[in-house]
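Dear colleague,

Please find the structure below, handed over for your study. My notes on what was found in it follow directly after.

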Amino acid sequence: MKGFAMLKIGEVGWIEKDRPKCGPRDAIVRPTALAPCTSDVHTVWEGAIGDRHNMILGHEAVGIVDEVGDEVKDFKPGDRVIVPAITPDWDSEAVQRGYPSQTGGPCGGWKYSNFKDGVFGEYFHVNLADNNLAHLPEGMSQEAAVMITDMMSTGFMGAENAGIELGSTVAVLGIGAVGLCGVAGAKLLGAGRIFAVGTRPISVEVAKKYGATDIISYKNGDTADQILEATDGVGVDGVIVSGGGPEILLDALKMAKAGSKISNNNYFGKGQGEKDTIPLCRVNWGFGMADKDIITGLCPGGRTRMERLADLVTYGRMDPELMVTHTFKGFDKIEDALELMREKPRDLIKPVVLLE
Ligand code: NAD
Ligand code: ZN
């Protein structure tokens, strides 16, 4: 079968691979809609997770079940499914401790285009199908469904980890698709004032629709200073970090109040090894004693998460299609969609590739 792959750091291309084999509790799915992720860009062009050779890319897909193993109960060939970007091993020790995305080591629940071939192939493998697939609800568009798999799950996690209470003031740094879902999640969790920090006009427009009350441009000066000024020097209760490089944590620490939670969604690319570090400001972090928590997380995966997010869409709480700015048709357009994700033109939030 054909797949669009990372050949090595900085190089992508089409390759031929064997169709994946289905284990007794697994499924093989044929994708019907795909989306590239900013993380694919970090993986290929920044070598953020190290070198990968001839590994099919992609982790955002909806599709049709083609084959299931003997022990799969709830899915059969022909079913339309949402496939989470993160497909944990649900019988692992990390799951029992409550961290399914971290099964088998840091970010180990992230298998597609990390440890095994991703979804940009004619077929792809799903481990533990009953736990890692969700039925595509009747009437849901493929564009909406594919936004659930990673963007909604990650951005909403950003909001969940920011400790939002009714009336909290929240800042969302970076309003690509992940940050926009952070804005929407903050609103759903009851935030009062929501600062959205970004510049792309299309993102600003969607941020307002999703509930941003204030728009801040990081190109108009120090972001933290602008937010401190707008809050009479008080700062914010929660920060959702979903854009920029590692130095963005300096902004977050500066605007965060005591007791605040800085919730990081970012995949910090570039550099490898234990000496490659991320900066924190000693003073704004109270010399390490400021009661400002930095919380990290990988996109939650699995069936229940997908079903719950799908309900938010079905029952009108969230319209993820607002984020789909570009639509491609046909398998061979995966390459163009990924290239667009790499270029990030100003009218882009998220491209989707429809395969039928
Ligand atoms: P994106 O590039 O579309 O959006 C990020 C935005 O932040 C861009 O518009 C960029 O211009 C803006 N930005 C840059 N510097 C900034 C600054 N100083 N202040 C405010 N904004 C700034 O990316 P995305 O697709 O929304 O993804 C966001 C991040 O989340 C990426 O790093 C991605 O790899 C990561 N991600 C993580 C997970 C996870 O599981 N934790 C899942 C998916 C994506
Ligand atoms: Zn992703």
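Strand β3 and strand β7 (residues 124–126) run antiparallel and are joined by three bridges. Within this pairing, Ala27 stands opposite Val126 of β7. Please keep in mind throughout that this is a predicted model.

How much of β3 is buried? Eight of its nine residues are buried, so β3 is largely enclosed by the rest of the structure.

I turn next to the metal site. Which residues of the protein donate to the zinc ion (ligand 2)? The donors are Cys37 through SG, His59 through NE2 and Asp150 through OD, and they lie 1.9 to 2.3 Å from the ion. Along the chain, the donors of this zinc ion follow the spacing C-x21-H-x90-D. Cys37 belongs to the loop between β3 (27–35) and α1 (38–45), whereas Asp150 belongs to helix α4 (residues 142–160), so the pair ties together parts that are 113 residues apart in sequence. Why does Cys37 count as buried? Its relative accessibility is 4%, and buried means under 20%. Asp150 likewise counts as buried, because its relative accessibility is 6%.

The cysteines deserve a separate remark. With a disulfide taken as a pair of cysteine sulfur atoms within 2.5 Å, the count comes to zero disulfides. Cys107, for example, is in no disulfide: the nearest cysteine sulfur belongs to Cys299 and is 11 Å away. Cys107 is partly exposed, since its relative accessible area is 30%.

Finally, there is a feature on the surface. Which residues form a nonpolar patch there? The patch consists of Ile278, Leu280 and Ile294, which together have about 210 Å² of accessible area. Of these residues, Ile278 is found in the loop between β13 (256–264) and β14 (293–296). Ile278 counts as partly exposed because its relative accessibility is 40%.

With kind regards

Key:
Residues are numbered from 1 along each chain as its sequence is written. Chains are lettered from A and ligands numbered from 1 in the order in which they are written. This is a predicted model: local features need pLDDT of at least 70, side-chain atom pairs count only at pLDDT 80 or more; totals for chains, interfaces and linings use all residues. Side-chain values use heavy atoms; hydrogens and water are left out. Patches are made of residues with over 30% relative accessible area and no salt bridge: like charges are joined within 9 Å, nonpolar side chains (Val, Leu, Ile, Met, Phe, Trp, Tyr) within 5 Å. Accessible areas come from the Shrake-Rupley method with a 1.4 Å probe; for residues, only the protein chains shown count as cover. A salt bridge is a side-chain nitrogen of Lys or Arg within 4 Å of a carboxyl oxygen of Asp or Glu. Helices (H or I, at least four residues) and strands (E, at least two) are DSSP runs, numbered from the N terminus. Buried means under 20% relative accessible area, exposed over 50%, partly exposed in between (1.4 Å probe, protein chains only). Donors are N, O and S atoms within 2.8 Å of the metal (3.2 Å for Na, K and Ca); water is not among the atoms, so sites may look incomplete. Two strands pair if DSSP finds at least two bridges between them.
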